[in-house]
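Here is a short tour to read with the chain open in your viewer. Please have the sequence at hand as well, and then we can go through the fold topic by topic.

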Amino acid sequence: MSHEDQEILQVFIEESVEHLADIETDLLAIEKDGQKINEARVNKVFRAIHSIKGGAGFMNLNTLQHLAHDTENVLGLVRRRKLAPTSAVINALLVASDQLMQLLVNASISNEADISAALAALQAVVTGDPLPSPAAQQADTIADCPELEVAHTAPEVAIVKAPSPEPVQPEMVPAESVFDTADEPQTVKQETSIRVSVNLLDQLMNLAGELVLSRNQLLQTISSGLVPEAEAVGQRIDLVTSELQGAIMLTRMQPVGNVLDKFPRVVRDLAKKLGKEVELTLVGTEVELDKTIIEAISDPLTHLVRNAVDHGIETSEERRGKGKSITGSLLLKAYHAAGQVVIEVTDDGRGIAVDQVATTAVGRGLIAADQAKLMSAKEKINLILLPGFSTAAQVSDVSGRGVGMDVVKTNLDQLGGTLDIDSLPDRGTRIAIKLPLTLAIIPSQIIMTGDERYAIPQVNLEELLRIPAAQIKQRIERVGDAEVVRLRGNLLPLIRMAEVLGIEPTYYNEAEERTRPDRRRNIADRRSPVSPLFEPTATSAKAEEEGEQRQQTRDRRQSTSSALNIVVVSSGALKYGLIVDCLLDSEEIVIKPLGRHLQGCQGYAGATIMGDGRIALILDIANIARMAGLTSVEGSRRAGELAQETHLATQDRQALLLFCGAGEERFAVPLSLVDRVERIKQLQIEQIGGRRVLQYRGGSLPLLSIDEVASVLPLADQENLLVIVFHIMGREVGLLASGPVDAIEVATAVDAVTLRQTGIMGSAIIDGTTTMLVDIFELVQTIHPEWLVTEAEVGEGETAPVLLIVDDSEFFRSQVRHYFEQAGFQVLEAIDGIDALQVLEAQYESISMVVTDIEMPNMDGFELTRRIKGSRQFGHLPVIALSTLATEEDQARGEAAGVEEYHIKLDRERLVDCVFRYTRTVVAA
């Protein structure tokens, strides 16, 4: 065959493959239409097969032409309404389309293929002879497809993977091979071309032209020695290059529907084999991803989808017994979020039996029994991601081959993606895959350890942390044999990069601008060693004492070079701090594969060339954790210790704004309530109508002081003051104070009795000083009762809704109870999740809503919410979560557990309004 004929054949194959990709979706839609035949859709399929037949005849692909001809005959009968598109008929057409695909991708030897089975099925349709059973037609399609399963059953939870079959083209639906296995067919090269819009090509041409012009200008300015002009041209080149990069990346972007559109067939065939009814919904098929990523996620998504149908969704009889619709629901949804693409696989099946997962993990030695007791439901679910986890009692062709979800996670790790799992008993499971938009050029944080630079992909980057030298001893702690840092109330495991990579520990000396050897054994140790002229011995107590004194006098902990640089990174559920010598800039890097001599190194995901021509290795965050022995935050011994320590450390932790009054008096307000702090002059305050006001942002800001309602010293008549601005009762109000101010996070007991008075909710010892906690709502309400908003209160004649407040802190529980009782609600109390469940079981018929703290002993708020939402008796109750520190991570966990809204404990106005809104809805329903 001539070169020209080869090109014609390649074009024919590519176009035919596209036709077949659409045909599968259309055939399933025709089956769903049933007797209400959509002529336009049938005609579309008919024309596609007709085109394949004509092209095959032209290229002398006789077997392909013969199969396309018989397929066309069946479609013709359907089009003329002489044949109903039953399930058996569509099965025959789908098997024919599968074999057409294999004939196309093996076009060079397709004329020798045996297609008698497919032809017999099609001819039986035309003649009216008995057809093979649907199960028989689907058996090969299902049995040959590799899958990885997570059994959602209770008590059995199986996570298994089939052995991989021979590789096939991504567009192909696995089916019985039409070729003799003794042959070694030469397959057509995969995806040698890609469709690009003409507009995008025009844009690339324009940008290329701009780049040429800028290059010419740069060469001219360099030869003329005009440095300022060269700098301007350099900026222009930088801009054009960025635009060119973006346009080129667009050429590789393809809709994720290229992968998702195959799943209606997969779900249909598997559901029929298992005797289940499943409705699949696809959302966001137009979302675009890099072509490489789209091809790579096909297998992981197939595993998850097939697993959801096989193990997640119950049989019709099971669902009927649970009061569910007999048709199970499966949702595949793609969307953009924070510069990434998220693909969710959600079913409404039986959910994952979390306790059985933990029991199995303990039985297999993956975690200790004590660790399992400390774990939340979310952490137990994540145990299924550990290597070697499986509870399958036996294997089958659909599931049960003994390999775990860790394979899916590993595949996603290689793409820079993450996996998140949420599940509720009898409500279903949601698995979210987060993927980068592209793998070719990625934003990264450049760091330095030793004399080498490394790149950390921003998708793994949580934050950068620099601990000043003087704070290292207070911030760095040891838990067992692990070093950790306390970060916003949580203990974060630390990994020293030099140790993991096996290089000499160093630190960056900022004064000398170079790295120096670091002799510390522990992170919190002093860096300066004892003078080598004085070596204390074990038998010399005096020498030892003198050495310690000398070390203290030479302590260089105050030097800026002794500060600790930590990169907080994450990979899925894994999160830790990576200690590095120096933090450099953020850069977009071009990923290059590792050379052959480095491919065995686990800690690297690739390499890049920096601006100065030197190489920087790209770190593999997940593998670095494994190399350091931190295989899983939830599944390691270190995590068990951290979980207990963190729980004790974060109880009632609050973010406060500290400020001064008169003399030695110090006050605090919840930082979450503060809009801003302004510095003003005493002369700016005006006395109008007996009130103090400040001209502020085009209006008048009412000014209050604590001494107007509480027995505290009045503010001194000083030139400079502070105004702390709040938004209360629909208005802005300013609280007068004096400096200095400080924002801190503390975990301290609150005394609600000793200093309690109007405007002061209690007191606490903070940094050794008694600090009064200001109740800004009570302060405003006392001074301006006319501002009080009453719409959110229970009216006369109405039955007061009953709220269940759950909080282990008596102070916060009484504060929140006071808020709601003032608004007219009835209140029940519980001290933790277990206590709350007992109250609900006894009085759930009278309770309208649950308001719960998050951090509690015995059972936290997340687990309590899951138990509530999973209950038949009180699963309808709204749940509002309260916290003193509502981080984005906490809010995401709360949403996954079923929390309706997340609120700050002492934000009285928003809290009461929210509860009133939900209880009104419940009463109206």
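How many helices and how many strands does the protein chain have? It has 28 helices and 37 strands, where helices (H or I, at least four residues) and strands (E, at least two) are DSSP runs, numbered from the N terminus. This is a predicted model, in which local features need pLDDT of at least 70 and side-chain atom pairs count only at pLDDT 80 or more, while totals for chains, interfaces and linings use all residues. Residues are numbered from 1 along each chain as its sequence is written, and side-chain values use heavy atoms, with hydrogens and water left out.

**The chain as a whole**

- Of the 925 residues in the protein chain, 50% are buried; buried means under 20% relative accessible area, exposed over 50%, and partly exposed in between (1.4 Å probe, protein chains only).
- The accessible surface of the protein chain is about 43,700 Å², and carbon and sulfur atoms account for 50% of that; these areas come from the Shrake-Rupley method with a 1.4 Å probe, and for residues only the protein chains shown count as cover.
- Taking contacts between residues at least 6 apart in sequence, 69% join residues at least 24 apart; contact means heavy atoms within 4.5 Å.

**A five-stranded sheet**

- An open sheet is formed by 5 strands in the order β4-β6-β7-β9-β8, with mixed pairing; two strands pair if DSSP finds at least two bridges between them.
- At the edges are β4 (278-283) and β8 (418-424), each of which pairs on one side only.
- Direction ignored, neighbouring strands of this sheet are turned by 15 degrees against each other on average; axes are lines fitted to C-alpha atoms, for helices over the stretch in contact, and angles run from 0 to 180 degrees between N-to-C directions.
- β4 and strand β6 (residues 328-337) run parallel and are joined by 6 bridges, and Leu280 has Leu330 in β6 as its bridge partner.
- On the β8 side, 7 bridges link β8 to β9 in an antiparallel arrangement, with Thr418 opposite Lys434 in β9.
- The hairpin of β8 and β9 has 3 residues between the strands, and Asp426 in the turn has a positive phi of about 60 degrees.
- Although β8 is an edge strand, 6 of its 7 residues are buried, so β8 is largely enclosed by the rest of the structure.

**The helix lying across the sheet**

- Helix α12 (residues 298-312) lies across β4, β6, β7 (340-347) and β9 (428-436), and runs at about 20 degrees to β7.
- Of the 15 residues of α12, 14 are buried, leaving the helix mostly covered.
- The end C-alpha atoms of α12 are 20 Å apart, which agrees with the 21 Å that its 15 residues should span at 1.5 Å a residue; the expected span is 1.5 Å times one less than the number of residues.

**Nonpolar cores**

- In soluble globular proteins, nonpolar side chains tend to be buried together.
- What size is the largest nonpolar core? It has 49 residues, and those with the most contacts inside it are Ile297, Leu301, Leu330, Leu419, Ile421 and Leu435; such a core is a set of buried Ala, Val, Leu, Ile, Met, Phe, Trp, Tyr and Cys residues joined through side-chain atoms within 4.5 Å.
- A second, separate core has 46 residues, among them Ile23, Phe46, Ala92 and Ala107.
- Leaving aside residues up to four places away in sequence, Ile421 touches residues including Ile352, Lys378, Met405 and Arg430.

**Single residues to look up**

- Ala121 sits in helix α5 (residues 116-127) and is buried at 12% relative accessible area; its C-alpha atom is 8.8 Å from that of Val89, 32 residues apart along the chain.
- Asn60, in the loop between α2 (39-58) and α3 (62-79), has a phi near 60 degrees, a positive value in a residue other than glycine, and is exposed at 53% relative accessibility.
- Arg81, in the loop between α3 and α4 (87-105), also has a positive phi of about 60 degrees without being a glycine, and is partly exposed at 46%.
- The peptide bond from Gly739 to Pro740 is cis, with omega near 0 degrees, and Pro740 belongs to strand β30 (residues 731-747).
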